[in-house]
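Please keep the sequence and the structure in view while reading.

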Protein chains: 2
Amino acid sequence: MAKELVFGHQNPDTDAISAAIEYSYLQNQLGYDTEAVALGEPNKETEFVLNYFHQEMPRVVHNVHDEVDAVMLVDHNEKQQSAPDIDQVTVTHVVDHHRIANFQTSAPLYYRAEPVGCVSTVVWKLYHEHQIEIPKKIAGLMVSAIISDTLLLKSPTTTDTDRQAVVEAAQIAGIDYEAYGLEMLKAGADISDQTAAELIDADAKSFEMGGNQFRIAQINVVDLSAALKRQAEFETAMAQSCQANSYNLFLLAITNVLDSDTTVLVSGPEALTAKVEVAFGKKLDQGQLSLPGVVSRKKQIVPPLQAQF
Amino acid sequence: MAKELVFGHQNPDTDAISAAIEYSYLQNQLGYDTEAVALGEPNKETEFVLNYFHQEMPRVVHNVHDEVDAVMLVDHNEKQQSAPDIDQVTVTHVVDHHRIANFQTSAPLYYRAEPVGCVSTVVWKLYHEHQIEIPKKIAGLMVSAIISDTLLLKSPTTTDTDRQAVVEAAQIAGIDYEAYGLEMLKAGADISDQTAAELIDADAKSFEMGGNQFRIAQINVVDLSAALKRQAEFETAMAQSCQANSYNLFLLAITNVLDSDTTVLVSGPEALTAKVEVAFGKKLDQGQLSLPGVVSRKKQIVPPLQAQF
C-alpha cells in the first residue's frame, strides 16, 4: 500500500497537530502506511504539549503531491485551509468536526465527521470502534487537543462525548486534566513576546462568504485588557494582511480563556464592517466589538457572519 | 426534539429506500424523532422487496421544507440528486458511500461515508457500533439493498464488509441470500411492460462534468439482446429527455445482471459522444458501446467520464 500523509489545517493548532499524530498511529495499526505531517510550525501551546509528552513535532511540509498521491485530512476539509496543492492528490480519508464546504472528490472515500467540540474526540471514538489500545502519549495529546478546542470544556461546542473522552484519556495519560489544562492554556496565552503580525496569523482561517474573502483569527489570552492595549498594533497588522493577501475583511477575536469572553477587532471597508455589526447585533465601540460568553469561532462567530453575508 | 425526515436520492432504488427505513429505525432507537420517506415511487425490484418482507412503502414526498426544518440524507449527498428544496432545510446527518460533491453546510454535522458497495452496509455497521439489535425485517432490507447495489456481490464496488453484512443479515432475516437475491434481481429486471421513457428515468442520476449536464441511467436486465432490440425506442426517449431537461448528454447503461456485462447507449452532440468514446477507449458500434465486465456506474462509468471531461 502506497504511503499517505496525514495532516490538519494550515496555521495548525494543538488539535490539528495532535489529531494528525493520533490518526496516523491508528491507521498504521490498521495496516495503512501513513506519516503525520503539519502544514505549519507549532504554536506556543502546542510546543508546551509536545514537550510535556515527549512527542516529536511532525515534519512541516509546504506541499504534498511531490511526495504522495493520496492523503488523509484531519480537523478540516475546506480547500483553502488545506495544502495548496490539495487538488493534485486524492483524499482517501477525512476525520473532522467542522461544516463541509469547498470540498469535492471524484471517488468515494472515508468521511467521518461529528458535531463535537474537538476532532480528537472523534479519533478517540475510532480507537474504540477498531478496538485499538490508546498509548499513554496519544492519550495525552487527546486530552490536550480537547481542552484546547473546548477551552477546558467551557465552549458551547463541548459535548458529553468530549467530556467522556477527556476523562478517559486523562486516566490513560495519568494526568489531572484540569490542572494540566490550565497550565497548557496559560502557556499558549502568553503573547507578550510575539509581534501583532505573528499573533494575527497564528490561528487564522480563511472563509468565503457571499463572494468576499474573510480572514478570521483568534488569539487566546489570560489578560484581555493587556492584549487590548495593543489594539492599534493589531489594526495595522490586519490592514497590512488584507492588502497583502486580498482579504476583503479581517476579524480578530481575542478570547479570554479564563472568563470565556471575546472582544473582536475588525479591519475592512465600512460597508462590510457595518454588516458585521448587524450580524452580531452590536455596534463597534472604539473599534471593539465586545461579545460576552463568546469563545467559539466555529459556533458563535462564523454562523452569524454567514447568515448575514 | 423536532421531527426530521430521512430519505435517499431521487429515482430511488432498493438501497435508497431500504437505507432510509433502516437508518430511521436506528435513529429513533437512539432518541431522534424521524420518519423515512422517499423522493419517488419504488421500482419493480423494490416493490418485490417490500412485499417479500411485508414492509410498508415510505411516504413519497416532493419537497421537505414545508414539513420539517432538518433532514438526514442516505445514499447521496449531491444537491441535484436530493429534494428540490434541500437548500431550505438543515442537513444534520449524512450516511453515504458515494463521492462528495455539490454539498455544503453552514454548520458541523454527522457525516459518515465509506467506500463500500452499498450504504446499507454502513448502516449495518452503525447498528453494531450503537449496539442496537437489527430486527428481522430490517435485516431483510439490508440483504436486499446490498445484493441490489453489488449485483449479488459481483460488482467491483463490493468489499469484504459488504459480504460480511450480507451473510450476517441473511442469518437474521432467515433467508438464503443467493436464492433470494437472484429472485429479487429477476423481479427487477423484467422490463417488458415498461416504456422506454419510464426505463431511462427509473434509475437515472444527474452529474455536472466540465460544465456539461450529464444524465446517466442504468437498467438491469437478464436478457441483454432482447433489451437492445428496443435501441431506437431508447434513443428517441433519451433525445427527448435531453431536450426537455437541458441535459447535454444522456448515457444509458444496460447491464446484464447475470453475466455482469454492460452495453452503453449515448445521446448527445458529436463533440461530446466522441469524448465518451475516448473515455472508455472504445468506438461506438451501431450506436452501442459494449463494456464487458462493467456493472458499476459509480466505479466503472462515472470515473472515466470525469477524467475525460
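## How the two chains meet

In this predicted model, 100% of the interface residues of chain A are also interface residues in chain B, so the copies meet through the same surface. The contact itself brings together 22 residues of chain A and 22 residues of chain B, and the area buried between chain A and chain B comes to about 2000 Å², with carbon and sulfur atoms giving 58% of that area. On the side of chain A, the residues that lose the most area to chain B are I100(A), P108(A) and P115(A), which together account for 27% of what that side buries.

As for polar interactions, the count of salt bridges between chain A and chain B is 0, whereas 4 residue pairs, both members at pLDDT 80 or more, are in polar contact between these chains. Two elements of chain A, β6 (110-113) and α11 (297-308), each give two or more residues to the side that touches chain B, and the largest share of that side, 4 residues, comes from β6(A). Sorted by class, the side of chain A that touches chain B has 10 nonpolar, 7 polar and 5 charged residues.

## The relation between the copies

In general, two copies of a chain are related by a rotation about an axis and a shift along it. Here, chain A is superposed on chain B by a rotation of 180° with 0.0 Å of shift along its axis, and the RMSD of this superposition is 0.0 Å. The two copies are thus related as by a two-fold rotation axis. Within chain A, the C-alpha nearest the axis belongs to R112(A) and lies 2.5 Å from it.

## A salt bridge at R112(A)

R112(A) also forms a salt bridge with E129(A), in which the closest N and O atoms are 2.7 Å apart. Because E129(A) lies in helix α3 (residues 119-129) of chain A and R112(A) lies in strand β6 of chain A, the pair ties together parts that are 17 residues apart in sequence. Over all chains, the count by the rule used here comes to 30 salt bridges.

## Two domains within chain A

The domain assignment divides chain A into domain 1 (4-187) and domain 2 (196-308), to which the contact between them takes 16 residues from domain 1 of chain A and 20 residues from domain 2 of chain A. The C-alpha centres of domain 1 of chain A and domain 2 of chain A lie 25 Å apart.

Between them, domain 1 of chain A and domain 2 of chain A bury about 1700 Å², 51% of it on carbon and sulfur atoms. By class, the side of domain 1 of chain A that touches domain 2 of chain A is made up of 5 nonpolar, 8 polar and 3 charged residues.

Conventions. Residues numbered from 1 in each chain as written. Chains lettered and ligands numbered in written order. Predicted model: local features only at pLDDT ≥ 70, side-chain atom pairs only at ≥ 80, totals over all residues. Heavy atoms only, no water. Domains from an automatic or database assignment. Contact = heavy atoms within 4.5 Å. Buried area = accessible area lost by both parts, 1.4 Å probe. Nonpolar A, V, L, I, M, F, W, Y, C, P; charged D, E, K, R; others polar. Least-squares fit on C-alpha atoms with pLDDT ≥ 70 in both. Salt bridge = Lys/Arg side-chain N within 4 Å of Asp/Glu carboxyl O. Polar contact = N/O pair within 3.5 Å; in protein donor to acceptor, adjacent residues only side chain to side chain.
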